[in-house]
Amino acid sequence: MSQAMGEGVGRWSGDRPSLAYELLQRAGEFLRTGHPHQAAMLLTRAKLIEPDKGSIRETLARALYLSGRAARARREFAKAVQIDPVNDYAHYGLALSCARTGQRTRAIAHLKLAIAMRPSAEEYRQALARIAG
């Protein structure tokens with residue numbers, strides 16, 4: 001799974017949101033250097049501060065997925081989709097998590113949505129071909 005960390009994320013106002021932003025940035029470094037478990041720990045703290053921030057939920061879901069915790073990743077991707085229904089990457093991540101946890105039909109549906117939102121994403125098309133078989 002690949003996505004630029006921090007894309008579309010700005011510094012949030014106030015002390016606690018600023019702490020959440022700093023945790024998100026530090027977690028991004030852990031993800032970039034191949035340490036998803038450490039990223040997930042920081043992002044869990046950030047989620048407690050900013051539970052309705054889609055960028056935190058999506059990044060936490062990525063870290064969980066990369067840590068091999070697909071069921072928890074699925075729940076976080078689902079929350080990210082709920083917060084921002086037009087987030088194509090969250091639909092893509094949700095689809096991969098669903099596929100990994102045996103929810104093939106749901107995975108295909110979310111991949112089709114992700115492709116409809118971003119038709120140029122070859123990674124999404126490849127995943128659909130793999131899962132749809």
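This is a predicted model: local features need pLDDT of at least 70, side-chain atom pairs count only at pLDDT 80 or more; totals for chains, interfaces and linings use all residues.
Me: Which residues make the contact of α5 with α6?

Reply: From α5 come D88, H91, Y92, L94, A95, C98 and A99. From α6 come R104, R106, A107, H110, L111, L113, A114 and M117. Sorted by class, the contact of α5 with α6 has 10 nonpolar, 2 polar and 3 charged residues.

Me: At what angle do the axes of α2 and α3 cross?

Reply: The axes of α2 and α3 cross at roughly 150° and come within 8 Å. α2 and α3 are therefore roughly antiparallel to each other. The crossing in which α2 passes α3 is left-handed. On the α2 side, the residues are P36, A39, A40, L43, T44, A46 and K47. They meet I56, R57, T59, L60, A63, L64 and L66 in α3. The classes in the contact of α2 with α3 are 10 nonpolar, 2 polar and 2 charged.

Me: How do α3 and α5 run, roughly parallel or roughly antiparallel?

Reply: Check the angle before the label. α3 and α5 pack at about 30°, and their axes are 11 Å apart. That makes α3 roughly parallel to α5. Their crossing is left-handed. E58, R62 and Y65 of α3 contact Y89, A90, L96, S97 and R100 of α5. By class, the contact of α3 with α5 divides into 4 nonpolar, 1 polar and 3 charged residues.

Me: How many helices and strands does the protein chain have?

Reply: It has 7 helices and 0 strands. Along the sequence the pattern reads α-α-α-α-α-α-α. Next, look at how the chain is joined up. Among contacts between residues at least 6 apart in sequence, 51% join residues at least 24 apart. As for burial, 47% of the 133 residues count as buried.

Me: Which residues touch the most other members of the largest nonpolar core?

Reply: The general idea is this. In soluble globular proteins, nonpolar side chains tend to be buried together. In this model the largest nonpolar core has 38 residues, and L43, Y92, L111 and Y124 touch the most other members. The elements giving two or more residues to this core are α1, α2, α3, α4, α5, α6 and α7. The largest share, 7 residues, comes from α5. Now take L111. Leaving out residues up to four places away in sequence, L111 touches Y92, A95, Y124, A127, L128 and I131.

Me: Where is I108 found, and is I108 buried or exposed?

Reply: I108 is in helix α6. For the second part, use the cut-off: buried means under 20% relative accessible area. I108 has a relative accessible area of 14%, so I108 is buried. Then look at what lies around I108. Apart from residues up to four places away in sequence, I108 touches L128, I131 and A132. I108 and A127 are 19 residues apart in sequence, and 9.0 Å apart in space, C-alpha to C-alpha.

Definitions and conventions:
Residues are numbered from 1 along each chain as its sequence is written. Side-chain values use heavy atoms; hydrogens and water are left out. A nonpolar core is a set of buried Ala, Val, Leu, Ile, Met, Phe, Trp, Tyr and Cys residues joined through side-chain atoms within 4.5 Å. Buried means under 20% relative accessible area, exposed over 50%, partly exposed in between (1.4 Å probe, protein chains only). Helices (H or I, at least four residues) and strands (E, at least two) are DSSP runs, numbered from the N terminus. Contact means heavy atoms within 4.5 Å. Ala, Val, Leu, Ile, Met, Phe, Trp, Tyr, Cys and Pro count as nonpolar, Asp, Glu, Lys and Arg as charged, and the others, Gly among them, as polar. Axes are lines fitted to C-alpha atoms, for helices over the stretch in contact, and angles run from 0 to 180 degrees between N-to-C directions. Angles under 35 degrees count as roughly parallel, over 145 as roughly antiparallel, 65 to 115 as roughly perpendicular and the rest as oblique. A crossing is left-handed if the near helix is turned anticlockwise from the far one by less than a right angle, and right-handed if clockwise.
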